[in-house]
Each structure stands twice: as structure tokens, then as C-alpha cells.
Amino acid sequence: MDMPSSSRLQVEPTALPRDDGAAVEWIVLDEPVPYDAALAFMDDRAAAIARGEAAEAVVLLEHPPIYTAGTSARAEDLLDVARFPVFQTGRGGEYTYHGPGQRVAYVLLDLRRRGSDVRRFVAALERWIIDTLAQYQVRGERREDRVGVWVRRPERPPLPDGSPAEDKIAAIGIRVRRWVSFHGISLNVDPDLSHFKGIVPCGIQGYGVTSLVDLGVPVSMTEVDMVLRASFERVFGASVAAPGTLA
């Protein structure tokens, strides 16, 4: 589910640590991962977590260029059918793009150990992204009427309705099964922003898409991964490095 946010800043939600303090496995994959392979891994791992047979995990990866359709996707929002492969997926939300230069983080957590509150979980994911951006002096904000995490672009003309120009820098799309989350977040580090033009991102017209590099932050994916991990631990608790494989 890609949860909305408002033109005014909201109060930061509380953190969402695990009740027993167990560490989350932190898995970083260096090579692009086919989308269907990632889906198969998430299905298997989420089921094992629900059975109590596997640890929670966060998987950081990049995909080859693709579009994915959430459960609310509208056909008219796929503007270029032939540009990239399109995958139907069980996560909430509408169309989104994944590709090189975008850090996708799949978040497989046992929400029974974290308060059994999906809305609070989504708020914690938003806080994770906003805290990560803050480390680069980028102010990410929520909007009640729009999905994702947004940055203001005061250097650009206002929108036709007079509201300030804003760009989306990160998306949240989750699914919860048996109180275990999967899918997660995507943060634009340095993707080809023209690739977003084949869709109406998350069904939202009139706004742009940006990235850290587009905002003038010259950062590598490796550095972003370190910042993401530190911010994750402030919100969700301890993590432990695990082998970089989906086996």
C-alpha cells in the first residue's frame, strides 16, 4: 500500500522496534535482480517468518528497468506499454518504476512482534526514508493527499493551482500476509528519470520525480546503503549483516 501524506508536516511517528530485540537480517545484493526472482524470494521468506522458521530481513537491491502494477493500478496510467516489461504484483498502490540507480528495499518484518498495527508500520517506513534524506540535508515530507515522500522545489514555478512545485523522491508499497510484511520502499539515488515518463507514477498527475543526484547530492549507492541501515536501526532496531544472496 502506498500511503498518502499532507501539505503540512505531520508529527514524526514513534519507532517500531521488535518486542524481543532480535536483529533483522540485512542483505545487500550487488547485481540487478529479476523481478520475478525477488517476488519468489519474498513469498518464501515471508511464509517462513510467519511460521517462525526464519529471521526478519531487509533486502537491498536494484532491478533491471521495469514497471510494476499494484492492486489499484489503472490501465490509462500505463502510458508506454512497450517501453519496459510490466509486472502485476500483489502490493498496494498503482504503477511504479524500478531500475538501475534506484535503491529498492524489500522489508520482511513480523508485525506481530511490532504492535500488529499496519498504519503505524507504514508511518515508520516513511520516517525511515525521511530520516535517511535528512542525513543529506534533503527535507523529505509526507502528504495526506498524495503517496510517497516528497521534496519541495521552490526554484521552479508554482503549479497551476498556485501550490508549490514538488517532486517525488521515494515510494512505499507494501503487502501484509499473516502479519508479515513484504515489498517495501524505493529511493531514487541516481536513476534515469526519463524512465518514469512511461507511466503516471502512483497515479498522481502534475508532479515530478527527482533523485538525490538530481537534487545536487553526489552520492554512491554504497554510501546510501550505509545511511539507510543506520536510519533503519533508529526506527526498527538492530540489524545484522547476512549473505548477499536470495538462495
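1. Two strands count as paired if DSSP finds at least two bridges between them. Helices (H or I, at least four residues) and strands (E, at least two) are DSSP runs, numbered from the N terminus.

2. A word on the model. It is predicted: local features need pLDDT of at least 70, side-chain atom pairs count only at pLDDT 80 or more, and totals for chains, interfaces and linings use all residues. Residues are numbered from 1 along each chain as its sequence is written, and side-chain values use heavy atoms, with hydrogens and water left out.

3. Back to the sheet. Strand β4 (residues 66-69) and β5 run parallel, joined by three bridges. Tyrosine 67 stands opposite valine 86 in β5.

4. The loop between β5 (86-88) and β6 (95-98) holds arginine 91. Is arginine 91 buried or exposed? Arginine 91 is buried, with a relative accessible area of 6%. Buried means under 20% relative accessible area, exposed over 50%, and partly exposed in between (1.4 Å probe, protein chains only). The arginine 91 side chain reaches the backbone oxygen of glutamate 94 at 2.8 Å. That is a polar contact: a pair of N or O atoms within 3.5 Å; within protein, one must be able to donate a hydrogen and the other to accept it, and residues adjacent in sequence count only if both atoms are side-chain atoms.

5. Now look at strand β7 (residues 102-108). Seven of its seven residues are buried, so β7 is largely enclosed by the rest of the structure. In a regular strand, side chains alternate between the two faces of the sheet. Both faces of β7 are covered. Gln102, Val104, Tyr106 and Leu108 are buried on one side, and Arg103, Ala105 and Val107 on the other.

6. Which strands pair with β7? One is strand β3 (residues 57-61), antiparallel to β7 over five bridges. Here valine 59 has tyrosine 106 as its bridge partner. Another is strand β11 (residues 180-188), which also pairs with β7 in the antiparallel sense over five bridges. Arginine 103 stands opposite leucine 187 in β11.

7. Asparagine 188 is also found in strand β11. Asparagine 188 is buried, at a relative accessible area of 4%. Contact means heavy atoms within 4.5 Å. Not counting residues up to four places away in sequence, asparagine 188 touches Gly101, Gln102, Lys168, Ile169, Phe196, Val209, Thr210, Ser211 and Leu212. A polar atom of the asparagine 188 side chain lies 3.0 Å from the backbone oxygen of threonine 210. Proline 85 is 103 residues away from asparagine 188 along the chain, and their C-alpha atoms are separated by 20 Å.

8. Next, the helix pair. The axes of α2 and helix α3 (residues 221-236) come within 9 Å and cross at roughly 140°. That makes α2 oblique to α3. Axes are lines fitted to C-alpha atoms, for helices over the stretch in contact, and angles run from 0 to 180 degrees between N-to-C directions. Angles under 35 degrees count as roughly parallel, over 145 as roughly antiparallel, 65 to 115 as roughly perpendicular, and the rest as oblique.

9. Which residues meet where α2 and α3 touch? From α2 come Phe121, Ala124, Leu125, Arg127, Trp128, Asp131 and Thr132. From α3 come Val227, Leu228, Ser231, Phe232, Arg234, Val235 and Phe236.

10. Check two backbone angles. Serine 116 lies in the loop between β7 and α2 (118-134). Its phi is near 50°, a positive value in a residue other than glycine. Serine 116 is partly exposed, at 33% relative accessible area. Glutamine 137 lies in the loop between α2 and β8 (141-143). Glutamine 137 has a phi near 55°, again positive in a residue other than glycine. Glutamine 137 is exposed, with a relative accessible area of 72%.

11. Last, alanine 54, in the loop between α1 (35-50) and β3. Alanine 54 is partly exposed, at 27% relative accessibility. Leaving aside neighbours within four places in sequence, alanine 54 is in contact with Arg45, Ala48 and Ile49. Alanine 54 and glutamate 25 are 29 residues apart in sequence and 9.8 Å apart in space, C-alpha to C-alpha.
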